[in-house]
Amino acid sequence: MTEKTVQAYVNDGRWLARCPDCNGANPVKRGELMVCGHMSCFPGLNAMAQRIKPGLEKLPPSKWLFVNVPDLAERELTRQEAIKRGKAYEVEFPPEKEQQAIDKALRPRPVHAMHWQPGQTVKELTDLNKEMGVS
Ligand SMILES: [Zn+2]
């Protein structure tokens with residue numbers, strides 16, 4: 001693990017990793033760099049834009065309603081800026097087969113009990129499942 005690597009873990013059924021700068025948890029995906037979207041780091045990663053609610057385009061503008069959509073252009077600019085500043089982190093996941101086994105072991109649990117920490121084995125998870133009465 002280098003200083004440019006963060007470790008994935010599971011909390012409430014989500015794969016997350018902590019930002020080395022603000023300690024905020026960020027959703028992560030295998031094969032993608034993590035850029036922190038928290039306010040003190042790169043809030044632009046959560047940028048939203050508005051578009052006319054689909055179906056209302058032909059009405060006069062006074063009748064338009066708007067919906068929020070991700071501002072993909074702003075988000076990409078933010079991501080590039082983070083990479084340029086060395087603030088995009090590799091995410092260390094367990095090997096793919098083990099990750100799938102972890103997801104499978106957690107699936108029977110209620111979402112608030114779906115947790116995994118690096119180093120925890122699949123057997124430990126399934127043993128816990130038995131104690132919890134789920135499997
Ligand atoms: Zn951060």
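**View 1. The whole chain, element by element.** From the N terminus on, the protein chain runs β-β-β-β-β-β-β-α-β-α-α. That order holds three helices and eight strands. Helices (H or I, at least four residues) and strands (E, at least two) are DSSP runs, numbered from the N terminus. The model is predicted: local features need pLDDT of at least 70, side-chain atom pairs count only at pLDDT 80 or more, and totals for chains, interfaces and linings use all residues. Residues are numbered from 1 along each chain as its sequence is written.

View 2. The C-alpha atoms of the protein chain fill a box of roughly 60 × 40 × 25 Å along the principal axes. The protein chain has a radius of gyration of 20 Å, whereas a compact globule of 135 residues would have one near 14 Å. This radius is taken over C-alpha atoms, and the globule rule is 2.2 Å times the number of residues to the power 0.38. Of the 135 residues, 14% are buried. Buried means 20 or more other C-beta atoms within 10 Å of the residue's own, exposed means 12 or fewer, and partly exposed lies in between, with C-beta atoms placed from the backbone. Among contacts with a separation of 6 or more, 43% join residues 24 or more positions apart. A contact needs C-beta atoms, placed from the backbone, within 7 Å.

**View 3. The largest nonpolar core.** This core has 11 residues: Val6, Ala17, Cys19, Val28, Met34, Val35, Cys36, Phe42, Leu45, Ala82 and Tyr89. A nonpolar core is a set of buried Ala, Val, Leu, Ile, Met, Phe, Trp, Tyr and Cys residues joined through C-beta atoms within 7 Å. A second, separate core of five residues includes Tyr9, Ile102, Ala105 and Trp116.

**View 4. Around cysteine 36 and valine 28.** Cysteine 36 is in contact with Cys19, Asp21, Cys22, Gly24, Asn26, Cys41 and Phe42, leaving aside its neighbours within four places in sequence. Valine 28 lies in the loop between S4 and strand S5 (34-35). Valine 28 is buried, because 21 other C-beta atoms lie within 10 Å. Not counting residues up to four places away in sequence, valine 28 touches Ala8, Trp15, Leu16, Ala17, Met34 and Val91. Its C-alpha atom is separated by 9.9 Å from that of glutamate 90, 62 residues apart along the chain.

View 5. In H2 (residues 96-106), Ile102, Ala105 and Leu106 are buried. They cover an arc of only 95 degrees around the axis, so they sit on the same side of H2. The arc is that of the directions from the helix axis to the C-beta atoms. The face turned away from this buried side carries the exposed residues Glu96, Lys97, Gln100 and Lys104. The buried residues of H2 pack against strand S2 (9-11) and helix H3 (122-132).

**View 6. The H2–H3 pair.** H2 and H3 pack at an angle of about 5 degrees, with their axes 9 Å apart. That makes H2 roughly parallel to H3. From H2, the contact uses Glu98, Ala101, Ile102, Ala105 and Leu106; from H3, Val122, Leu125, Thr126 and Asn129. Axes are lines fitted to C-alpha atoms, for helices over the stretch in contact, and angles run from 0 to 180 degrees between N-to-C directions. Angles under 35 degrees count as roughly parallel, over 145 as roughly antiparallel, 65 to 115 as roughly perpendicular and the rest as oblique.

**View 7. Two loop residues with positive phi.** Most residues other than glycine have a negative phi. Aspartate 12 has a positive phi, near 50 degrees. Aspartate 12 lies in the loop between S2 and strand S3 (14-18). It counts as exposed because it has 11 C-beta neighbours inside 10 Å. Asparagine 23 also has a positive phi, of about 70 degrees. Asparagine 23 is found in the loop between S3 and strand S4 (25-27). With 10 C-beta neighbours inside 10 Å, asparagine 23 counts as exposed.

View 8. Glutamate 92 is found in strand S8 (residues 88-92). Glutamate 92 is partly exposed, with 14 other C-beta atoms within 10 Å. Glutamate 92 and alanine 17 are 75 residues apart in sequence and 9.0 Å apart in space, C-alpha to C-alpha. Leucine 77 sits in helix H1 (residues 72-84). Leucine 77 counts as partly exposed, with 14 C-beta neighbours inside 10 Å.

Notes
Contact = placed C-beta atoms within 7 Å.
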